[in-house]
Amino acid sequence: MKTLSLKLDDDIFTETEEITERLKMARNRYINEALRAFNEYQKRKALKNKLLQESRGAYGNSLAVLEEFERILDAD
């Protein structure tokens with residue numbers, strides 16, 4: 001494990017303390033789980049953006065292929 005020093009906004013700290021007390025969870029464990037969840041969210045968001053970009057690129061290519069097929073069929 002790595003040791004980390006961080007500064008939290010007062011309201012975030014207070015809310016975190018309230019939640020960890022209610023859950024009977026160590027602050028360190030809570031912050032680790034929160035960061036894990038946020039990291040997963042960021043990875044999914046990046047994947048979504050990548051898929052959207054690739055989908056848009058494929059759409060343009062698919063449209064060109066479809067138009068070519070239509071030209072071939074119209075020629076027959």
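Glu-40 is partly exposed, at 35% relative accessibility (buried is under 20% relative accessible area, exposed over 50%, partly exposed in between, with a 1.4 Å probe and protein chains only). The model is predicted: local features need pLDDT of at least 70, side-chain atom pairs count only at pLDDT 80 or more, and totals for chains, interfaces and linings use all residues. Residues are numbered from 1 along each chain as its sequence is written, and side-chain values use heavy atoms, with hydrogens and water left out.

Glu-40 forms a salt bridge with Lys-43, at 3.5 Å from N to O (a side-chain nitrogen of Lys or Arg within 4 Å of a carboxyl oxygen of Asp or Glu). Glu-40 also forms a salt bridge with Arg-44, with the closest N and O atoms 3.5 Å apart. Together, Glu-40, Lys-43 and Arg-44 make a network of salt bridges.

Lys-43 and Glu-40 lie three residues apart in helix 2 (helices are DSSP runs of H or I, at least four residues, numbered from the N terminus). Arg-44 and Glu-40 are four residues apart in helix 2, so about one helical turn separates them. Lys-43 is exposed at 54%, and Arg-44 is exposed at 59%.

The structure holds four salt bridges. One of them joins the side chains of Glu-17 and Arg-27, at 2.5 Å from N to O. This pair links distant parts of the chain: Glu-17 sits in helix 1 and Arg-27 in helix 2, ten residues apart. Glu-17 is buried, at 17% relative accessible area. Arg-27 is partly exposed, at 39%.

## The loop between

Lys-24 lies in the loop between helix 1 and helix 2. Its phi is near 55 degrees, a positive value in a residue other than glycine. Most residues other than glycine have a negative phi. Lys-24 is exposed, with a relative accessible area of 76%.

## A nonpolar patch

Leu-4, Leu-6, Leu-8, Ile-12 and Phe-13 make a nonpolar surface patch of about 450 Å² (residues with over 30% relative accessible area and no salt bridge; like charges are joined within 9 Å, nonpolar side chains of Val, Leu, Ile, Met, Phe, Trp or Tyr within 5 Å; areas come from the Shrake-Rupley method with a 1.4 Å probe, and for residues only the protein chains shown count as cover). Leu-6 is found in the segment before helix 1 (10-23). Leu-6 is partly exposed, at 45% relative accessibility.

Notes:
Helix = DSSP H or I, 4+ residues; strand = E, 2+ residues; numbered from the N terminus.
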